Amino acid sequence: MDIKEITLQELNTDKFIEEQKKSINDATAGDIAINALSVGVDSSAVTLLGHKALGNRLKTYFVENGIMRQDEPQRVVSVFKKLGVPVEIIDAKDKFFAALKGLTDPEEKREAITQTFYKDVFGDLVKKSGAKHLLQGTIYTDVEETIAGIKRQHNILSQLGIDTEKEFGYNVVEPLINLRKPGVRKVAQALGLPEETFKRPPFPGPALAARVIGEVTPERIALVGIATQIVEEELSSSGAFQYMAILHEDKVTGMRNGKREFGLQIEVRCWDTADAVTATPTNVSFDTLRKLADRMTNEVPGVVSVTYHIATKPPSTMEVV
Ligand code: XMP
């Protein structure tokens with residue numbers, strides 16, 4: 001890879017912030033730029049860095065793609081309002097569900113999300129705002145895994161030989177490309193983001209679509225959304241790097257109220273890792289696992305089976321898609 005990593009030991013946050021402000025200014029050369037905020041620390045750090053560099057020459061959007069957790073847009077918008085950064089919410093739910101319709105292959109699902117974001121949604125926003133540049137929070141690990149052919153991360157473009165100017169009509173600027181997640185958290189803290197943002201567990205770009213095996217529909221996203229909320233409530237005190245609920249495609253025979261129920265399966269994953277390159281399952285107590293199972297089977301309609309994932313990465317990956 002010809003991108004150089006800046007390790008946590010090497011990182012001087014003040015120097016990094018000043019250098020990146022300058023390079024964002026150089027790269028955008030007086031033009032308008034846009035960026036899309038999600039819930040994660042990477043896009044939050046880029047948003048604040050971009051606003052410090054460009055002021056109102058940066059337009060920030062939150063793309064409501066329908067595959068996020070509940071209440072996400074309002075929460076994020078209010079965090080940034082307090083920081084003086086206006087964020088416009090763009091409703092693109094129908095576009096994403098239309099693009100995902102009928103797809104079951106993981107890489108095809110990822111590709112559909114990438115195309116919808118970059119061609120469709122950002123393409124429109126660039127036209128609407130007159131922007132020539134998109135600022136985004138790609139980090140070193142995203143590039144590494146995509147180039148290794150493990151998983152097509154949703155935000156990898158030029159590193160795969162895609163000419164964004166030609167394909168989508170704008171240039172992509174990536175201020176965090178030399179950092180891994182712990183470095184981004186340090187920069188986010190130094191930028192003045194609140195603790196709930198810089199400590200937030202990572203959440204993937206393809207969002208809950210990465211946690212649905214098989215077709216992604218509004219109904220299946222709603223189910224995995226409830227399961228996600230339960231996992232987050234029960235495991236946030238675990239100290240783990242990331243925890244997630246996965247909706248399986250296969251159904252299994254269960255029973256409820258004395259009757260057969262051919263029902264759904266939820267898999268819970270909880271990971272310990274420093275950098276997401278390798279990871280081990282967290283040693284969650286059996287009592288917690290049992291509580292999770294009871295809540296899933298009671299609160300997520302149709303769930304009759306709950307499992308806990310115990311393999312390491314590799315050969316697993318952290319997300320299921
Ligand atoms: P995997 O599943 O590759 O996940 O072991 C490693 C870390 O990356 C996150 N992840 C993504 N993040 N876009 C992202 O921004 C993606 O397409 C994507 N896929 C996985 C995952 O949540 C974990 O933290």
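Among contacts in the protein (heavy atoms within 4.5 Å) between residues at least 6 apart in sequence, 75% join residues at least 24 apart. This is a predicted model, where local features need pLDDT of at least 70, side-chain atom pairs count only at pLDDT 80 or more, and totals for chains, interfaces and linings use all residues. Residues are numbered from 1 along each chain as its sequence is written, and side-chain values use heavy atoms, with hydrogens and water left out.

First, the overall picture. The protein comes to 11 helices and 10 strands; these are DSSP runs numbered from the N terminus, with helices being H or I of at least four residues and strands E of at least two. For 321 residues, a compact globule would have a radius of gyration near 20 Å, and the protein agrees, with 20 Å. That radius is taken over C-alpha atoms, and the globule rule is 2.2 Å times the number of residues to the power 0.38. Along the principal axes, the C-alpha atoms fill a box of roughly 70 × 40 × 40 Å. Buried residues make up 55% of the 321, where buried means under 20% relative accessible area, using a 1.4 Å probe and protein chains only.

Everything is worked out on a 1 Å grid over the protein atoms alone: a cavity is a set of points where a 1.4 Å probe fits but cannot get out, a pocket is an open set with protein on both sides within 12 Å along at least five of seven lines, and lining residues have an atom within 4 Å of a point. Grid points are joined across faces, edges and corners, and a volume is the space filled by probe spheres set on the points. By this rule there are three cavities of 30 Å³ or more.

| Space | Volume | Lining by class |
|---|---|---|
| Largest cavity | about 840 Å³ | 22 nonpolar, 14 polar, 10 charged |
| Second largest cavity | about 70 Å³ | four nonpolar, two polar, three charged |
| Largest pocket | about 410 Å³ | three nonpolar, six polar, eight charged |
| Second largest pocket | about 200 Å³ | five nonpolar, three polar, four charged |

For the classes, Ala, Val, Leu, Ile, Met, Phe, Trp, Tyr, Cys and Pro count as nonpolar, Asp, Glu, Lys and Arg as charged, and the others, Gly among them, as polar.

The largest cavity has 46 lining residues, with D142, H154, F203, P204 and G205 nearest its centre. Helix α6 (residues 140-147) is one of the elements that supply at least two residues to that lining. Six of the eight α6 residues are buried, so the helix is largely enclosed by the rest of the structure. D142 is among those buried residues, along with Y140 and E145. After α6 comes G149, with a positive phi near 75 degrees.

R75 and R200 both line the second largest cavity, and both are also among the residues nearest the centre of the largest pocket. Helix α3 gives that cavity its largest share of lining, four residues. In the largest pocket, the largest share is five residues, from α10. α10 also gives the most to the second largest pocket, with three residues.

Six of six residues in β6 (242-247) are buried. Q242, M244 and I246 point one way, while Y243, A245 and L247 point the other. β6 pairs with β8 (259-272) in the antiparallel sense over six bridges, pairing being at least two DSSP bridges between two strands. M244 has R269 as its bridge partner in β8.

Conventions: Buried means under 20% relative accessible area, exposed over 50%, partly exposed in between (1.4 Å probe, protein chains only).
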